[in-house]
Amino acid sequence: MAGAAVLGRLGWRTATIADVKPETPRVKTIVFDVAGWPGHRAGQHVDVRLTADDGYQAERSYSIAAPADGERVELTVENVDDGEVSPYLTEEARAGDELEIRGPVGGYFVWDADHPGRVLLVGGGSGIVPLMAMIRQRGQVPTTLLYSARTLEDVIYREELEHLQRDGLDVVLTLTRSQPEGWTGHSRRVDTDLLAEVAPPPDGRPVAFVCGPTPFVEAVALALVELGHDPGLVKTERFGPTGT
Amino acid sequence: MKAADLALDGNAAAGILHAVYGAEMTVAVGTCDACASAGPVGRVRLYRSAGLVLRCPHCDAVLMKIVTAGERVWIDSRGLRTLELAAG
Amino acid sequence: MPPISRGFRGKRRDAPADRVPPGQYVTPDFPVLSAGPTPRRPLDEWDFTIVGEVDELHRWTWEAFQALPRETVTADIHCVTRWSKLDTSWEGVSVDTLLDGVETEAEYATAFCDGGYTTNLPLEDLTGGKAWVAYTYDGEPLDPEHGGPARLLVPHLYFWKSAKWVRGLSLTATDEPGFWESNGYHLYGDPWREQRYWGD
């Protein structure tokens, strides 16, 4: 399976916005209809290109938030302060608007439900997005999610995660900047101790997917290897720096 | 902000690499010409400046430079001794 | 023709056309773009040298460099990735000062840097009050993310020529394509003639 090549030139396709759904004060999910979409795997992303009416273009990459569903592609986008593209997608874009999408891309940071073994998902901030695509197609695979967010209001997909937790998904949140009154959960940055507590033991050879800002990903990946996880089973995807 | 904060990884080049090579390249295994270490392209360090610069995660040597200008793409892959792909 | 994304403008700001080269947009930010990890060169290990087609090697330690005549420069800068920033303020040593007394027949130079970056320029574009080695930006010591301790500053060319973490100039008889010039970017890089890529 490793290295499976999908042959053929990858080009830009027109994507039309079908719906825009708020997730948190700074985050929205945008649902696109993409004619001819070939489907995608959990963990993959797309390149998005916007063209202004004077021809000016900007491109950014966003992870796909939901498993393949015909011609539907869902992206969850965080409004980055002073961003070039995300303020447009989260504050201006509405149903009927068009832009271009190239993809799906990514073969390294992908999880197929037929991967054997337990799954550990570790997300920081908007790093939860590709992990959510994995969660939404996990079926019966034992899965643990460790999700670091600044505050409870910043937890993306919060209601859905609460439902899934009741259905058996192991969800551990850590809120690093401020916690609601009565919070009994974690409040520190994801470190070796927290991972030792939460992660499935390495001798079971679980596969781990770590996604978020670069410093987060590097610290977590290093800690997992220090705890005895096989580096080949720790997959990483680094996002650009977001505000702290 | 530390140096490492600016780096992404090879996943961020997945789109352009697929467009150019006609295959999913993040799983291709590259060997660094400077230090001979090997690993999937998805795991290399990636920097965005006037173009994309992919660097060896072990020794920081430049593996690839990618510059795009509309329909033109320039790729310097001298830093990659070999690229191993699975035949389709 | 790609589909137009209704209402999309990006971060662009309006600016007088005579200050903004073709295809550029003014930004209030100072984007940090890097080809590699930020070098951390301690000042007691820093020097600036002029080498290559020269009579003898010329070298300044940081202390000696700081003792050279310092100039204040206000310049508009234009990055080939399309952002322009107006009225940026720097302090540094003019390359004319550095080349004063250097005997050479060379007509070109390659700037070389910590981290391995290089860029090539005609000597003519480094002299006549057109280029500096800058160590202060906006009144503060130049931040490592923006090229500190010192970077080349050549505002009349695209900003990839203003090499960060510069450590010296190698004078050459021929124009030797540098890090980006050898992979698609224009050998000269005049923003007013929009010389971004090979063949422009």
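In what order do the five strands of the open sheet in chain A run? The order is β9-β8-β7-β10-β11, and the pairing is parallel. Strands here are DSSP runs of E of at least two residues, helices are runs of H or I of at least four, and both are numbered from the N terminus. Two strands pair if DSSP finds at least two bridges between them.

This is a predicted model, in which local features need pLDDT of at least 70, side-chain atom pairs count only at pLDDT 80 or more, and totals for chains, interfaces and linings use all residues. Residues are numbered from 1 along each chain as its sequence is written, with chains lettered from A in the order in which they are written.

**The sheet of chain A**

At the edges, β9 and β11 of chain A each pair on one side only. β8(A) joins β9(A) over six parallel bridges, and A:Thr144 has A:Asp170 in β9(A) as its bridge partner.

| Element of chain A | Residues |
|---|---|
| β8 | 143-149 |
| β9 | 170-175 |
| β11 | 234-239 |

**Where chains B and C meet**

Here 17 residues of chain B are in contact (C-beta atoms, placed from the backbone, within 7 Å) with 17 residues of chain C. On chain B, β4, β5, β6 and β7 each supply at least two residues of the side that touches chain C.

Terms used
Two residues are in contact if their C-beta atoms, placed from the backbone, lie within 7 Å.
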